[in-house]
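Me: I would like a close look at a single part of this model. Please keep the answer plain and connected.

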Amino acid sequence: MQFAIHGKNIEVTEPIRDYVSSKLDKVFAHFDQLTMGVDVYLSVARNPRISRSHSAEVTVQANGTIIRAEEETENLYASIDLVADKLHRQMRKYKERMQKKPKPKTGLAVANQAPISLPNGDEKATALPKEVVRTKYFAMPPMSPEEALDHLALVDHDFFVFRNAESGEINVLYARNHGGYGLIVPR
């Protein structure tokens with residue numbers, strides 16, 4: 001398996017490259033037929049106030065699905081170990097879902113929920129940054145909200161943007177702070 005290993009504020013030396021390869025080879029030994037590409041991002045925060053300054057992030061393209069895991073610790077090698085374990089669990093879940101029979105469709109009870117007001121009416125707490133610092137491109141095949149919920153669990157984010165198979169519109173599925181999931185649908 002070929003990995004693209006990138007470093008931020010760190011030089012990716014041969015021992016680090018070998019360690020990442022050995023850990024991820026163990027993960028992909030059982031899932032090699034599923035993976036199409038693997039990107040590894042290692043970074044070190046230069047701020048001494050940040051205790052968990054070493055970060056390891058792995059993004060896997062698996063049959064058109066993105067599986068992502070990220071861990072931060074005080075030690076780069078510990079971060080690599082933890083992200084490999086997390087990725088192994090996610091890959092196993094993905095493979096089990098792929099092998100299961102299609103589930104009966106169940107509706108998400110998010111359409112009729114009342115919107116939540118901002119805490120204390122403080123709009124400054126939700127101010128967005130003035131510049132775009134990263135742009136990502138990804139395929140957006142049509143899927144149901146149930147399938148989007150499965151994908152949300154795999155990408156390790158708080159939200160998932162998808163094209164609704166029934167309406168053809170762009171929807172956003174997100175994890176709510178107080179439990180459950182929300183679905184944003186345009187009018």
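Does K26 count as buried or exposed, and why? Please go on from there to helix α2.

Reply: This is a predicted model, in which local features need pLDDT of at least 70 and side-chain atom pairs count only at pLDDT 80 or more, while totals for chains, interfaces and linings use all residues. Residues are numbered from 1 along each chain as its sequence is written, and side-chain values use heavy atoms, with hydrogens and water left out.

K26 counts as exposed because its relative accessibility is 59%; exposed means over 50% relative accessible area, buried under 20%, and partly exposed in between (1.4 Å probe, protein chains only). K26 belongs to helix α1; helices here are DSSP runs of H or I with at least four residues, strands are runs of E with at least two, and both are numbered from the N terminus. The C-alpha atom of K26 is 8.7 Å from that of A84, although 58 residues separate the two along the chain.

A84 is one of the buried residues of α2, which also include L76, I80, V83, L87 and Y94. The buried residues of this helix pack against α1 (14–28), β2 (35–44), β3 (54–62), β4 (65–73) and α3 (145–155), contact meaning heavy atoms within 4.5 Å.

Helix α2 covers residues 76–99, and its 24 residues should span 34 Å at 1.5 Å a residue, which agrees with the 35 Å between its end C-alpha atoms. The expected span is 1.5 Å times one less than the number of residues. At the start of α2, the backbone nitrogen of Y77 has a side-chain oxygen of N75 within 2.8 Å.

Terms used. Polar contact = N/O pair within 3.5 Å; in protein donor to acceptor, adjacent residues only side chain to side chain.
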